[in-house]
Amino acid sequence: MNSVTVRVPAKVNVQLSVGPLRDDGYHDLVNVFHAVSIFDEVVAQEAEDVSVQVLGESADQVPVDDGNLAVQAARALAKHAGRAQGVHLVIRKAIPVAGGMAGGSADAAGALVACNELWGLGLPAGDLMKIAGALGSDVPFALLGGTAIGTGRGEQLTEVATGARFHWVFAIADAGLSTAKVYAECDRLREALGEQVAWPQVNDALMEALRNGDARALGAELINDLQPAALMLRRQLARTLESGREHGALGALVSGSGPTCAFLAADEAHARDLAVALTGAGVCRSALTAHGSVPGATII
Ligand code: ATP
């Protein structure tokens, strides 16, 4: 049977600046995405209809109907191509579900690349990017990978060259957080505090740290405007972040809408030690080491 396997990475936002709430309910963002070496695999197999199966530890938290973003991606691609196409998708999940690492978006990007190949459509990257943007703000980046600045809702991307490999530890929480709830909490907090919300700007010092491959400087510049909201909704994350800092992390922040916490390490050995320390401190369910940046959705 014909099948295509695609590997697609998780992301961490090294900068996530959230602008004022727009009339359409979205926020303008400056979102610096960084793809890291925690991968889902999406296998596309020939089939009459569109279906999906999810494997892995958190598989039971992922929908296996049209609510699955990979299924939506396959259908959107078939529609774009003007063909009635079927596929059986098998997703091997390693990216934490509802963890703020864009796992669902990664699977959607994986399905686009896999089905484009399986169905022999030969659509260029630009077409896939357009379909990806309509599926969700984080999907285009999962196609692209590397490190990139996202503006608008996060879907307009500019690639950033990084000077070195960065080493990370991700502290995985027991249960996920809803992205929509975290944004709503962010709006509520800002209103309660009477904050004047500035137009989001790219942090130049952070860009320089990325370009220079300077982990120490990058650690000092990590920023996530959603962090206060995530900490309000999940108080124990403050302890997780503190524990990482105590164990020498160069920087610590909530990844995207959380609850995964990201820690920047000096090198691979430091990342391993930090992961052991975080697990030992009992502040997370598990701790994964990873490096970035890595390529986006890739056929293997
Ligand atoms: P983001 O960082 O993009 O906001 P996230 O990483 O916090 O997202 P996801 O893992 O993408 O969260 O999942 C969010 C929700 O989307 C899940 O609770 C799940 O119900 C739904 N979902 C749909 N398709 C998928 C998929 N293929 N993998 C994971 N979750 C999916």
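Start by selecting D138: one of its polar side-chain atoms lies 2.9 Å from an oxygen atom of the ligand. That is a polar contact, meaning a pair of N or O atoms within 3.5 Å (within protein, one must be able to donate a hydrogen and the other to accept it, and residues adjacent in sequence count only if both atoms are side-chain atoms). On its own the ligand exposes 610 Å², and the protein buries 80% of that; these areas come from the Shrake-Rupley method with a 1.4 Å probe, and for residues only the protein chains shown count as cover.

Before you click on, a word about what you're looking at. This is a predicted model, where local features need pLDDT of at least 70 and side-chain atom pairs count only at pLDDT 80 or more, while totals for chains, interfaces and linings use all residues. Residues are numbered from 1 along each chain as its sequence is written, and side-chain values use heavy atoms, with hydrogens and water left out.

Next, pick N68, where a polar side-chain atom lies 3.2 Å from a nitrogen atom of the ligand. Then try A102: here a polar backbone atom is 2.7 Å from an oxygen atom of the ligand.

Helices here are DSSP runs of H or I, at least four residues, and strands are runs of E, at least two, numbered from the N terminus.

Stay with A98 and A102 for a moment. Both A98 and A102 are in the loop between β4 and α2. Which residue has a phi of about 50° although it is not a glycine? That's A98; A102 also has a positive phi, near 60°.

Last stop: two cis peptide bonds. Select G258 and P259, joined by one with omega about 5°; P259 lies in the loop between β9 (251–254) and β10 (261–265). Then go to G292 and S293, where omega is near 0°, with S293 in the loop between β11 (286–292) and β12 (298–299).
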